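Please read the following report alongside the sequence and the coordinates.

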Amino acid sequence: MGRFTLIGAGAMMVVIGALHLLAPRMMMEAPGIALTSANHLHVIRAAYGGAYLGIGALFLLGVAAPSQQGASLRAVALIFSGFAFGRLVSIIADGVPVPLYLGVLAFEIVFAALALLSLRRA
């Protein structure tokens, strides 16, 4: 289960990161976020593109180097729990976002839970 968790979480972060890096306007169009300046594009390419690629690599490190699987699973649990917590705070404070972001929330909760379960079994 740990390997599945790391591959699923890592692949998601790499794909989403690459899309934000290469096509930031397309990625922000679905939730209705307009990128109207070089600064907006810069933030999306760096914070969502580059950072997500790095996070994905951290997750996949546990697949490529089995000795790092525990650290990578802890990273999945912590990072995805943090994302989910932030989304839940936003739902309470700001209201319900577009369905796309609710799906992402579900994914984050599921993979954080899978990571925790994998760590308990190790």
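Confidence in this predicted model, expressed as pLDDT (the predictor's confidence in each residue, from 0 to 100), is lowest in helix 2 (residues 24-29), at a mean of 95, and highest in helix 4 (residues 69-94), at 98. Over the chain the mean pLDDT is 96, with 100% of the residues at 70 or more. Because the model is predicted, local features need pLDDT of at least 70 and side-chain atom pairs count only at pLDDT 80 or more, whereas totals for chains, interfaces and linings use all residues. Residues are numbered from 1 along each chain as its sequence is written, and side-chain values use heavy atoms, with hydrogens and water left out.

The secondary structure comes to five helices and zero strands, where helices (H or I, at least four residues) and strands (E, at least two) are DSSP runs numbered from the N terminus. The C-alpha atoms fill a box of roughly 45 × 30 × 15 Å along the principal axes. The radius of gyration, taken over C-alpha atoms, is compared with a globule rule of 2.2 Å times the number of residues to the power 0.38; for 122 residues a compact globule would have a value near 14 Å, and the chain, at 15 Å, agrees. Buried residues make up 30% of the chain, buried meaning under 20% relative accessible area, exposed over 50% and partly exposed in between (1.4 Å probe, protein chains only).

Seven aromatic pairs are present in the structure. Rings of Phe, Tyr and Trp (its six-membered ring) pair if their centres lie within 6.5 Å, and planes under 30 degrees apart count as stacked, over 60 as edge-to-face and the rest as tilted. Two of the pairs are tabulated here.

| Pair | Centre to centre | Angle between planes | Class |
|---|---|---|---|
| Y48 and Y52 | 5.6 Å | 70 degrees | edge-to-face |
| F80 and F83 | 6.4 Å | 35 degrees | tilted |

Y48 and Y52 lie four residues apart in helix 3 (residues 38-64), about one turn of the helix; Y48 is partly exposed at 31% relative accessibility, while Y52 is buried at 11%. F80 and F83 are three residues apart in helix 4, and so are separated by about one helical turn. F80 counts as buried at 0% relative accessibility, whereas F83, at 24%, counts as partly exposed. Ring pairs link F4, Y48, Y52, F59, F80, F83, F107 and F111 into a cluster.
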